[in-house]
Amino acid sequence: YDRCQIGVVTNIDPARHFGKYYIDTPEQVFNVLRTQIDVVLKGGIAVLNASDPLVVDMAKLSDGEVIFFGMAPEIPAIAEHLAQGGRAVFVRDGSVVLATGVEHVPLAQVALIPLTDGGKLGFQVENVLAAVGVAWASGLSPELIRAGIKTFEIGQAET
């Protein structure tokens with residue numbers, strides 16, 4: 001495809017890509033993965049992991065808006081983005097939060113989200129944050145996003 005409404009980059013692990021298709025440096029990995037953000041339309045949104053400095057660097061490549069996600073509002077990219085009135089998804093006081101500037105909307109306690117196994121699976125918490133960012137970018141209401149994360153379980157995908 002040439003362009004998209006929503007582009008997502010969850011993380012960059014350069015070593016995971018080395019040796020494939022002549023990709024041998026972190027810069028080459030960045031250049032491959034950035035293409036997902038390069039194609040975001042002006043009215044679209046890039047959903048980016050605020051905890052990964054290489055992914056944060058992609059924000060300036062998006063023609064559209066950026067929603068950062070991360071495990072805490074104190075992550076520098078999230079704090080700076082919110083200070084500028086941007087949007088972010090993070091965990092605060094054990095809850096997933098949607099934030100725009102100073103306006104914060106708690107969605108659900110992480111411990112009540114089945115995919116996270118009571119909040120014990122950190123990588124799944126981050127996956128939920130990314131998914132919430134995409135749902136929010138898609139225009140879904142907080143109520144619908146809340147219902148989705150509180151009822152989705154891994155086994156549902158297999159049936």
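Helices (H or I, at least four residues) and strands (E, at least two) are DSSP runs, counted from the N terminus. The model here is a predicted one, where local features need pLDDT of at least 70, side-chain atom pairs count only at pLDDT 80 or more, and totals for chains, interfaces and linings use all residues. Numbering starts from 1 along each chain as its sequence is written, and side-chain values use heavy atoms, with hydrogens and water left out.

Let's start with the sheet. It is open, has 6 strands in the order β1-β2-β3-β4-β5-β6, and its pairing is mixed; two strands pair if DSSP finds at least two bridges between them. At the edges sit β1 (4–9) and β6 (103–109), each pairing on one side only. Strand β5 (residues 95–100) runs antiparallel to β6, and 6 bridges join the two. One of the residues involved is S95, whose bridge partner in β6 is Q109.

Now for the helices packed on it. Helix α5 (residues 76–83) touches β3 (65–70), β4 (87–92), β5 and β6, contact meaning heavy atoms within 4.5 Å. Its direction makes about 130° with that of β4; axes are lines fitted to C-alpha atoms, for helices over the stretch in contact, and angles run from 0 to 180 degrees between N-to-C directions. Helix α6 lies across β1, β2 (40–49), β3, β4, β5 and β6, at about 145° to β4.

Helix α6 (122–137) also turns up in the lining of the largest pocket, where α6 and α7 (142–151) each supply at least two residues. The largest share of that lining, 5 residues, comes from α6.
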